[in-house]
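Student: I am new to this structure and would like a friendly tour. Could you take my questions one at a time?

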Amino acid sequence: MKTTSDTSARTWRVTAAPRRLPLVGHALLLGRRPLEFLTSLPALGDLVELRIGSKQAFLPCHPELVQKVLLNARVYDTGGPVKEKARPILGNGLITSDWADHRRQRRMVQPAFHPARIAAYAGVMHEECAAHAATWEAGKPVDISDAMQGLTARVTSRALFSTEMAPHSVAEIQRSLPVMVKGAYRRAVDPTGLLAKLPLAANREFDVALGRLHALIDGIVGDYRRTGEDRGDLLSALLAARDDEDGGQMSDQEVHDQVITLLLAGVETTASALTWAWHLLAAHPEAERRLHAEVDEVLAGRTPTYADVPKLAYTQRVFTETLRLYPPAWMYTRMTTEDTELGGHRLRAGTDILISPYVIHRMPGLFADPDDFDPDRWLPERAKDVTRGSYLPFGAGSRKCIGDVFGMTEATLALAALASRWRLRPVPGVAVRPRAQMSLTAGPLPMVPEPR
């Protein structure tokens, strides 16, 4: 991966976004057409000023500026309106915690994602992918978005809570998590903060779903505490974790916050990306043919295991390219903790910074034909020319997604297992467009399985 040249003496283009409205600023544009609005801004400058309500925010549109933000977590801490509204929902977990807490949490959660643990979780992935592949019927349309949500919910739940988890608990997660995610996004993009206070049916549904998730997690954490056994899953690893610096362990509330954070990250994001992968493969027959050829050669009809992942190179490139075109974490926020400088522009403490992988991934100066689906751009000899900081599906720096290897492993196994048995054909007349919600979703996506 190539680095950018030394630009310490360069002149950065700093500008203000157009179409700012009184009182709300650019909040309506961000709420109604966020992808179209944000992707129009790099043409204006390297650092673009926006207003969310009356509050100032900046969008870095150059990978060097993005890297400066992401690699300095102390100065550019997690923050902004999205985090402040997410904290009452997710608690103080890896996504929402401030720099000092995050540093400690990261040390304690990291062992749960050790390669030896990933290999164990892959056994769950293998079983669930095999079971899921057997549920489809030839010629009967399947909502792929819903199917991938169900698959990743079962995988993540079992990886978190072991194979002994009661089926009704997995069903509760599948039922409540999408409601919680949808409601959390509605609140995050409301600049007034009034929407959550209205007596709406959607708010009541959200409160009930969130309450059920909290009660379920509390019950499971309490059960694990009482037995004290290591069940080989993520929750056991979290309960056993000790801080290398002070020897302390996480409280039940801290464990609870990590579990709900990992559920959100492990289910919603991977499901969204897998849905886009099936859509892209159906739209690109040659890429689909090459994927089928690889899984046929590597698997010869069996369900893939963890040992097969390194052999499924093209399958991995398909998913890597899917993450470039449709990164689930399409935008996240940081906030300056002190007065600083970015792109030659002075920023006061408390300034919001918006980072959009979707915007960066589609910039022509960073990727050739950026709107094209080209898995081979990730061949080693081509990937080395990708500018550092221009590919950010998992973020970067100390807040890089802790489950990146877990997610890539799960997606590779899911694509290979299902593609070895089925090809998916789009339903005619169904329009597919990205929906910028908590993650970048395709919405309902009916497709017809055809046996191979």
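**Pockets, cavity and fold**

Tutor: Let us start with the second largest pocket, which 36 residues line, and Ser 145, Asp 146, Gln 149, Pro 178 and Glu 268 lie nearest its centre. On a 1 Å grid over the protein atoms alone, a pocket is an open set of points with protein on both sides within 12 Å along at least five of seven lines, a cavity is a set where a 1.4 Å probe fits but cannot get out, and lining residues have an atom within 4 Å of a point. This is a predicted model: local features need pLDDT of at least 70, side-chain atom pairs count only at pLDDT 80 or more, and totals for chains, interfaces and linings use all residues. Residues are numbered from 1 along each chain as its sequence is written, and side-chain values use heavy atoms, with hydrogens and water left out.

Student: Which element gives the largest share of the lining of the second largest pocket?

Tutor: The elements that give two or more residues to this lining are strand E5 (142-143), helix H7 (144-161), helix H8 (167-188), helix H9 (201-227) and helix H11 (252-283). Helices (H or I, at least four residues) and strands (E, at least two) are DSSP runs, numbered from the N terminus. The largest share, nine residues, comes from H8.

Student: What is the volume of the second largest pocket?

Tutor: Its lining has 16 nonpolar, 12 polar and eight charged residues. Here Ala, Val, Leu, Ile, Met, Phe, Trp, Tyr, Cys and Pro count as nonpolar, Asp, Glu, Lys and Arg as charged, and the others, Gly among them, as polar. A volume is the space filled by probe spheres set on the grid points, which are joined across faces, edges and corners. For this pocket the volume is about 690 Å³.

Student: Which residues line the largest cavity?

Tutor: The structure holds one cavity of 30 Å³ or more, and the largest cavity has a volume of about 40 Å³. By class, its lining has four nonpolar, one polar and two charged residues. They are Leu 70, Ala 73, Tyr 76, Arg 334, Ala 396, Ser 398 and Arg 399.

Student: How many disulfides does a search of the whole structure find?

Tutor: A disulfide is a pair of cysteine sulfur atoms within 2.5 Å. The sulfur of Cys 129 is 18 Å from the closest cysteine sulfur, in Cys 401, so the two are too far apart for a bond. The search finds zero.

Student: Is Cys 129 buried or exposed?

Tutor: Buried means under 20% relative accessible area, exposed over 50%, and partly exposed in between (1.4 Å probe, protein chains only). Cys 401, at 30%, is partly exposed. Cys 129 has a relative accessible area of 2%, so Cys 129 is buried.

Student: What is the radius of gyration of the protein?

Tutor: The radius of gyration is taken over C-alpha atoms, and the globule rule is 2.2 Å times the number of residues to the power 0.38. With 452 residues, a compact globule would have a value near 22 Å, and the protein agrees, at 22 Å.

Student: Where does Leu 23 lie?

Tutor: Most residues other than glycine have a negative phi. Phi of Leu 23, however, is near 70°, a positive value. Leu 23 is exposed, with a relative accessible area of 79%. Its place is the loop between strand E1 (14-16) and helix H1 (27-32).
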